[in-house]
Amino acid sequence: KKRVVSGIKPTGEMTLGNYIGAISNFVKMQDEFEMFVFVADLHALTTPQDPVRLRRLVREIVMVYLACGLDPAKTKLFLQSEIAEHSMLSWVLQCHTNMGELERMTQFKDKSAEQKAKSGAIGSGLFCYPVLMAADILLYNPDVVPVGEDQKQHVEITRDIAGRFNHQHGETFVIPEDYTPEVGARIMSLQDPTKKMSKSDENAKGYILLLDEPATIIKKIKSAVTDSEGIVAYDPVNKAGISNLLTIYSVLKNQSIDASVAEFADSNYGTFKQTVGECIVEALTPIQEKFRYYQENPELVDAILDEGAAAVQPIATKNMKKVYKKVGLNRK
Ligand code: ATP
Ligand code: MG
């Protein structure tokens, strides 16, 4: 079986973007691949976090993973911070990465501008983030890394770092491929459809949370920014808002964009939005029910995390030893 590794940061409540761009694909892949899915809690520290909130969000992601259908019998679920080798490998890789490469990352440009505007300073963790992500991946030698569009560049730098390391020290890492879904790799903000939907967005109207109440979901979709043309058509450049809703609807309905466009050929925006809203509610209701089940059974969640960590730890230990040996950090 080919191996797959991916994770999500606990920087906020999970959005429909995280579900469509990432989690729903993990669920689809788990029958075919050997899956390692983690909570990227170390990554959350790249932006200021309240410890109490962070602890809650970490648990929530695990419960969301399970509620969305990740099956612990098929997928190893674990917390990044519980496997120390992520941090250890990150340091070694950082010493094989150039500042210039990291300066080019578009996510760093966006997020550092945000941080600078807020506090006047930019954390060095934010700058080094892609190296930790490279470590998360390369530690397990996966074949495929499923991510949304915004993370493609980070998988690319991971490939560069791995290639450079292999060149310097001999074959060590598998060079992984990224995988992004054809439709839904970039769900846009409901309030600014030129920006991607993000869980750390300050405007809650910009995203749908997986745990939003049905009435809230319908309200957020109804107030989504569109255009004044009044025709439901797919045109991401000139009709970004409508196209985003069409994408969401098509993915959740498991049908082509064309089929959705045909379905709403005679609809006005009001009817269209109502149907899209109801479709989201229908998709999220069973997820929310399962989430509540895990919330009521926290010991189950802990057992799953313990098992996941125990399963991946030997792989991390072995690969880290190999890396230390390659660079000369082994006494015997
Ligand atoms: P943050 O704003 O804190 O960066 P985020 O919502 O971007 O949060 P991440 O933890 O950075 O979430 O990303 C988790 C996964 O979800 C990644 O694979 C990412 O590509 C995917 N993803 C995030 N946002 C979207 C989106 N709007 N559409 C599709 N996929 C997305
Ligand atoms: Mg992100």
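**Exercise 1.** Which helix gives the largest share of the shell around ligand 1?

*Solution.* Start with the ground rules: this is a predicted model, where local features need pLDDT of at least 70, side-chain atom pairs count only at pLDDT 80 or more, and totals for chains, interfaces and linings use all residues. Residues are numbered from 1 along each chain as its sequence is written, while chains are lettered from A and ligands numbered from 1 in the order in which they are written.

Step 1: the largest share, five residues, comes from helix H1 (residues 16–29). Helices here are DSSP runs of H or I with at least four residues, strands are runs of E with at least two, and both are numbered from the N terminus.

Step 2: there are 22 residues around ligand 1, and Gly17, Gly21, Gly148, Ser198 and Ser200 come nearest. A residue is near a molecule or strand if its C-beta atom, placed from the backbone, lies within 6 Å of it.

Step 3: sort the shell by class, and you find seven nonpolar, 10 polar and five charged residues. Ala, Val, Leu, Ile, Met, Phe, Trp, Tyr, Cys and Pro count as nonpolar, Asp, Glu, Lys and Arg as charged, and the others, Gly among them, as polar.

**Exercise 2.** Describe the overall build of the protein chain.

*Solution.* Step 1: the protein chain has 13 helices and five strands. Its radius of gyration is 21 Å, close to the 20 Å that the globule rule gives for 332 residues, so the chain is as compact as a globular protein of that length. (The radius is taken over C-alpha atoms, and the rule is 2.2 Å times the number of residues to the power 0.38.)

Step 1: of the 332 residues, 40% count as buried. Buried means 20 or more other C-beta atoms within 10 Å of the residue's own, exposed means 12 or fewer, and partly exposed lies in between, with C-beta atoms placed from the backbone.

**Exercise 3.** Is Asp136 buried or exposed?

*Solution.* Step 1: find Asp136 in helix H7 (residues 124–138). UniProt lists this residue for "binding site" in an unreviewed entry; positions there follow the numbering used here, feature names are shortened, and annotations may be inferred rather than shown by experiment.

Step 1: count the neighbours. Asp136 is buried because 27 other C-beta atoms lie within 10 Å.

Step 2: leaving aside neighbours within four places in sequence, Asp136 is in contact with Val5, Gly7, Ala40, Gln80 and His86. Contact means that the two C-beta atoms, placed from the backbone, lie within 7 Å.

**Exercise 4.** In which sense do S1 and strand S2 pair?

*Solution.* Step 1: S1 and S2 (residues 34–39) pair in the parallel sense over six bridges; pairing requires DSSP to find at least two bridges. Gly7 stands opposite Phe38 in S2.

Step 1: five of the six residues of S1 (residues 3–8) are buried, so this strand is largely enclosed by the rest of the structure.
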